[in-house]
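Please walk me through this structure in the viewer, one selection at a time. I would like to look at the aromatic rings and the nonpolar core.

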Amino acid sequence: MEDYKDIRESLMPRRDIKASDELRHRVRLALDRDRAKHIRRTWMWGSFSLGAVAAMLIFILLPSGLSARDILAEAIEALRNAGNIEMVVDIRTRPVENFRYIDIHEDFVSHRIEAAGADSTLRWRIDKGGRIAVGNREDIYLWMPSLNLGMHLRHTDKEDVIGYLANLLTPYRILETELAGCTKDNGTEYKVTKLGNDIHLTVHATPQGNFENTYLLNTSIAESENIRRYVIDAETKRLKRATVSVLAGNRETVVLKISALSYNQPQEDICRLPDDIHFIETENLPTGIRGLSAEETAAVVLNAFSNWDRSVLDMVLRPEISDIYRNRFHGAKLVSVGSSFTSGSENSTFVPYTLRLRDGSIQRHNIALQKTDSAAWIVAGGL
């Protein structure tokens with residue numbers, strides 16, 4: 001516990017409240033991750049000081065009878081040493097959708113999650129049936145069995161790929177992440193109570209992002225008004241249960257729940273890769289289209305569907321990915337494009353479009369475009 005002496009001292013209700021260098025470093029990393037969104041994530045598929053945060057936690061913890069001096073340090077320490085973890089997390093989503101996506105109207109899809117090791121050696125695996133991902137400190141492999149196709153991402157933050165589920169891979173980070181969230185002064189409310197042998201941490205958060213256009217509202221946990229509830233064993237300080245609910249209108253809907261959780265289970269090689277999946281490297285993005293507006297780029301790309309003009313499509317999509325869409329869109333005629341807009345916390349620009357497919361049916365959707373580092377447009381989704 002010596003490593004957490006500064007954290008314990010920072011939570012003591014006395015005059016000089018301070019935070020350890022390690023905690024400051026983790027908070028900075030969390031904030032940096034929010035600022036640095038990777039383009040690869042969606043391809044295909046006035047703040048408080050740390051002293052004020054500590055004071056806030058004291059105010060919340062002390063009325064409930066908990067020891068503000070020890071609770072955070074003990075919980076983090078116990079969860080840090082949790083060893084191998086296996087859990088089943090049920091999420092309202094679709095099996096083939098990306099791991100960040102939620103929909104309050106969908107049924108629950110079970111996600112089997114395995115994790116082993118500490119930060120520097122963490123290996124993990126998430127399987128939701130239609131989409132599987134494995135990763136370690138440097139590499140993430142993501143694939144869809146139905147397509148026999150996957151992607152290899154290097155030096156990509158796992159949160160950019162799996163969103164909120166990154167917290168569950170190392171449960172001690174739940175407290176650290178929630179503490180980091182306090183520094184943003186974004187309306188998040190925290191409450192800690194002790195009921196029997198359990199500690200209950202409840203977090204009420206507002207949607208993160210710009211929702212002048214509500215297109216992405218409630219499509220991820222971060223982009224929704226949500227209540228996150230964690231139950232921690234008061235003796236062992238290990239996570240026992242967790243749920244996330246989305247508030248939409250006057251209704252609260254549970255969108256995520258841990259239905260099974262076990263520690264220190266023997267595990268196979270959780271980073272094993274299948275032999276029948278073709279993995280494409282994502283180090284080099286397509287060159288993209290420069291010099292056009294989002295609407296003009298959308299029109300150029302969608303018009304290329306008519307004769308499947310690879311000279312255009314290969315500029316905005318990897319060939320392996322465009323081949324996935326060919327059966328559906330080859331021969332489609334562009335009817336119209338609308339005005340571009342942004343929504344949520346993503347770095348995508350959306351352009352509404354209407355296509356007449358070759359069978360005569362109509363598709364209306366929003367093509368998602370993103371700019372590369374060289375300010376060229378590529379397609380990130382919406383087909």
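**A tour of rings and core**

Start by selecting Lys257 and Phe108: the charged end of Lys257 sits over the ring of Phe108, 4.4 Å from its centre. Bear in mind that this is a predicted model.

Next, select Lys128 and Phe99. Here the charged end of Lys128 lies over the Phe99 ring, 5.6 Å from the ring centre.

Select Tyr141 and Phe279, an edge-to-face pair with 5.3 Å between centres and 85° between planes. Tyr141 belongs to strand β5 (residues 139-144) and Phe279 to strand β12 (residues 278-281), so this pair links parts of the chain 138 residues apart. Tyr141 is partly exposed, at 21% relative accessible area, while Phe279 counts as buried at 17%.

Trp143 is in strand β5 and Phe279 in strand β12, so the pair ties together parts 136 residues apart in sequence. Trp143 counts as buried, with 3% relative accessibility.

For a group of rings, select Phe305, Trp308, Tyr325 and Phe329, which ring pairs link into a cluster.

Finish in the largest nonpolar core, which has 67 residues. Select Val89, Trp124, Ile162, Leu165, Leu256 and Ile367, the members that touch the most other members. Then centre on Trp124 and show its contacts beyond four places in sequence: among them are Glu114, Ala133, Asn136, Lys158, Ile162, Leu169, Ile270 and Cys271.

Notes:
Residues are numbered from 1 along each chain as its sequence is written. This is a predicted model: local features need pLDDT of at least 70, side-chain atom pairs count only at pLDDT 80 or more; totals for chains, interfaces and linings use all residues. Side-chain values use heavy atoms; hydrogens and water are left out. A nonpolar core is a set of buried Ala, Val, Leu, Ile, Met, Phe, Trp, Tyr and Cys residues joined through side-chain atoms within 4.5 Å. Buried means under 20% relative accessible area, exposed over 50%, partly exposed in between (1.4 Å probe, protein chains only). Contact means heavy atoms within 4.5 Å. Rings of Phe, Tyr and Trp (its six-membered ring) pair if their centres lie within 6.5 Å; planes under 30 degrees apart count as stacked, over 60 as edge-to-face and the rest as tilted. Helices (H or I, at least four residues) and strands (E, at least two) are DSSP runs, numbered from the N terminus. A charge sits over a ring if NZ of Lys or CZ of Arg is within 6 Å of the ring centre and within 35 degrees of the ring normal.
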